[in-house]
Each structure stands twice: as structure tokens, then as C-alpha cells.
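Here's a quick briefing to read alongside the model. Grab a viewer and follow along, topic by topic.

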Amino acid sequence: MNDLCAVILAAGQGTRMRSKLPKVVHPVAGLPMIAYVVEACRPFLAKRTLVIVGYQADRVREALAGEAVEFVSQLNQQGTAHALLQAQEALVGFDGDLLVVSGDTPLLTSATLDSLLRAHREAGALATVLTAEVAEPTGYGRIVRSTTGELLRIVEELEATPQERQLHEINAGVYCFSARALFDALQTIRPSAVKGELYLPDAIALLRNRDGGVQACQALDPDEVRGVNTRTELAEIHRLLWRKAALQLLTEGVTLLDPERTYVGPSVRIGSDSILYPNVTLEGQTVIGDGTTIHSGCRIRNATVGDGTVILDGCIIQESQIGDGCQVGPYAHLRPHTQLRQRAKVGNFVEVKKSVVGEGSKVPHLTYIGDTNIGERVNIGAGTITCNYDGATKHQTVIEDDVFVGSNASLVAPVSVGRGAIIAAGSTITKDVPADALAFGRARQINKTGFAATFRSKRQKE
Ligand code: UD1
Ligand code: MG
């Protein structure tokens, strides 16, 4: 596949989105739209992939940080053919095929790109365009064929005659070109009469009569080639993505109480016998084990959850690892780099950040745990706070195995509590506690017998 380069068109603003963000970085199920396109192209990234950037180029570069792609600038966005012309210099001497993909087609799959490429090479064509028969063609370029079915040209919606608008075969905006033939043709493309832009689809009519000719390759699933130009189309893409993921999960043995209200991203994996309640959002590279239940209103991103764990309503979990048989929530917030070991429990209104909660340990209510290492079988009382921040730096707390922390304790870091120690409720702990010690960090209580009654009767007389 050495004689193949990919070009992704991503320089446009996306005016119809009415957004400050460039269209191709709008999030789709939590990832930038263009990331999906790059993913589809991944098997073909062998040689070089050029991404044409222009409007807010930095945002697009940022969205693709770490990807093995090269960026080419299109300073003024004068149309899709003009975008491709910007890549000519970078591709000087390249004589192979170009796979050209729009950055706004997030449902495209590698399998479809593969069939396009095969069709192109089998026919020895100069250009092969991916098309689809769709029920609602409005907004797309239409495929114009001869009476014998030969591909003649592509006409944009704005320039189409009323008859042409009746055509339901659309241009997906995805093509294979012989690079040399394409760059030749691009020299002769004229600006469109209506928009004044240089249209890449016009290359089809120009290459048609040359040796090799042009052809269309129809996508099997018309939903795959949907482009996103408006918020309505973006909403539709989400609906299709969620639906596809939900149907897949059902076949894999996951119970969804309401598949229409389950929001699972395409890279998420869930084991069998797990149950998702309505309004659960799972994003990024999240992996959920077998027999785990996630209740309503949870959002989990880039996290791993083990087997037989229960996550109660309203939890937010990010970049964290949760073991087997754990219980989380309701309303817990697990921030990045949290690890709950087997059978750990993090309960109501608890926030945990960059901390380990050891096997069988419990943090059941109203607590903040940050930069802390909690051992096994520890119990953290309600309202406990690790004071990890002194206004300048973060400090560590260590709580060893079998410690019992009474309610409403403040552990001022850096501090460590030795194995088996007990912290009295309401303590402020500023010094390390030795193993098996009982630590009091509060004023002693004084009871003044009868004092309250005397106080009340005095007040009444006044
Ligand atoms: C384009 C096709 C249309 C096709 C549709 C499929 C043209 C003229 N029309 O229309 O036939 O049915 O895609 O979705 O190509 N871009 C640039 N530089 C530019 C203009 C656009 O890089 O100067 C990029 C955009 O960022 C976008 C892609 O090219 O990712 C397509 O542009 P867009 O404006 O969405 O074209 P459509 O109107 O959808
Ligand atoms: Mg588009």
C-alpha cells in the first residue's frame, strides 16, 4: 500500500453550524469529529496522511495531537478543489493513488474505504467516487449518470436543475484519485457560477473522457456517508451512533433498560450480564466488566470497571480504575487517577482524586479524599476530609490497613496513619499516628452540671 496517500479536508469553518468552533472538531460522543475520520483511515495511513487545515488551524492540530499526520495550510478557503491544490507541493513526485476524505463524515468505516480502494484499483480508473442512495438527498452533490448508467458528473445542490435535485444518489465527498491525473485536472477547474468556489467534484467530469475514466462505488450502508453541515445533522449522527452501539451491546449480552436513552461511545466495551439503566453515558476508552450494574445519570469516561460492581445513580467517573465487587455512589465523583481495589465502597457525595482505596475499604459518606493511599479494610467516617493542598502544593496522605477514621476528621497532609490506628471523631490530625494508636486531635469536652438550667432561669427573670 506504499503508493497510497490520504488527504483529509478540514480547513472549512462550517458556517452552517453557526459556531465559534471549527466544524471538524465538534465533539461526537465525546471525541472530535475528525478523530473518527482519522480512525477510519488508520489502516491506510501506511505512507502519508495530509490534513488540510485553515479556519482555526490550531484547534484542528490540537484535536489530532499525537497522530502521525502532516498538516497543510489552506489560508483562504476557496473550495474543496482549492483545498486539495494546497497539497500539491507536499506531494511533488508522488505518482500513486490519493484517498480523499472529508473531515465531516464521522460514520465512515475502514471497510467502506477498503472497498472504494479495491474498486478503484481493479478498474484502473483515474477517479472513483463513493456514492450512496439516500432517502433525503437535500444538501448533497448529486450523481448524474447517462441513460446507460455511466457516471457523467457531479452537480452541487445549489447549481442543480429541479430534475437533478430529484436524484437520490449523492456524492459522499470521499474519493480515490490517481494523484497525477487529479492535479492535472485541478489546473483547469473553474470557479462555480453560484459560490465562486473551486469544487473538487468537478474533477470527475474533467477526468471522464481520459484514459482510465471515472466510476462510482456505492456504499452499502447509506448512513455511513452522512456529512455533518448543521446542528440537526450532528444530532442525527449522535442518534445513529448511540443506536448502533446499543444494538451491538444487546447482541453481546448486555441489558439496556431503555436502548433509546443509553449513550455509549463506539470504543466502549462492556461484558455480558451487565445492566445499564437509562441516561447512562459511557465515553472514550471505557471498559466495563461482566455482571456490573450502572444506574441512571452516571457519566463514565476513559475508565475501567471490574466485574460485579454496582454504580448507583448520578456518579461521574473519569480516568479511573474500579475493581471487582465495588460499590460506588449515589452521587460520587471519581476524578482522574483514582483506583478502587476489589470490594471497595465509595458512597454518597464522596469525591476522590488521585488516590487508592484499598481492598474492602469504605468511604461511605460526604468525604473528600485527594492524593491519598488508603490500605485494606479501612473505614473512613462521614465527613472526613484529607487536607491535601496548602495553597501552593499538594501533599500525600497515607492510611494503612485496618485503620478506623471517625466521622468529621481532617487529615492535614503530609501525614500518615499507621496500621490498625483509630482516629477519634472530629479530630484534626496534623502529626503522623503510630500503628495501633488512638489519636485525639480535638479539645476535651467539659460538662458543667446544671449550667444550662441556671442560664435559662436567669434569662427569664431579665
Ligand atoms: C461536499 C461536496 C458534495 C458532497 C458533500 C458530502 C463539494 C463542492 N461538495 O459538500 O458534493 O455531497 O461534501 O458530504 O466538495 N473544506 C476545506 N476547504 C474548503 C472548503 C471545504 O478544507 O475551502 C473541507 C471542509 O472543512 C469539510 C470538507 O472540505 O471537511 C467538505 O466541505 P463542506 O463545506 O462540508 O462541503 P459540502 O457542502 O458538505
Ligand atoms: Mg459537508
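**Quick tour of the model**

The chain splits into domain 1 (4–225) and domain 2 (246–439). Keep in mind that this is a predicted model. Taken over C-alpha atoms, the centres of domain 1 and domain 2 sit 46 Å apart.

**Magnesium site**
- The magnesium ion (ligand 2) has Asp104 (OD) and Asn229 (OD1) as its protein donors, at 2.1 to 2.3 Å.
- These two come from distant parts of the chain, 125 residues apart.
- Asp104 is in the loop between β6 (97–102) and α4 (110–123), while Asn229 is in the loop between β11 (214–218) and α8.
- Both Asp104 and Asn229 are buried.

**Nonpolar core**
- The largest nonpolar core has 48 residues, and Leu282 and Ile311 touch the most other members.
- At least two residues each come from α8 (231–251), β16 (280–283) and β38 (415–417).
- The top contributor to this core is α8, with three residues.
- Setting aside neighbours within four places in sequence, Ile311 is in contact with Thr293, Ile294, His295, Cys298, Ile300, Val305, Ile317, Ile322 and Val328.

**Helix α1**
- Helix α1 (residues 33–41) is largely enclosed by the rest of the structure, because seven of its nine residues are buried.
- Those buried residues are Met33, Ile34, Tyr36, Val37, Val38, Ala40 and Cys41.
- As background, an α-helix has 3.6 residues a turn, so residues three or four places apart point the same way.

Methods. Residues numbered from 1 in each chain as written. Chains lettered and ligands numbered in written order. Predicted model: local features only at pLDDT ≥ 70, side-chain atom pairs only at ≥ 80, totals over all residues. Heavy atoms only, no water. Core = buried A, V, L, I, M, F, W, Y, C linked by side-chain atoms within 4.5 Å. Buried < 20%, exposed > 50% of the residue type's maximum accessible area, 1.4 Å probe, protein only. Helix = DSSP H or I, 4+ residues; strand = E, 2+ residues; numbered from the N terminus. Contact = heavy atoms within 4.5 Å. Domains from an automatic or database assignment. Donors = N, O, S within 2.8 Å, 3.2 Å for Na, K, Ca; no water.
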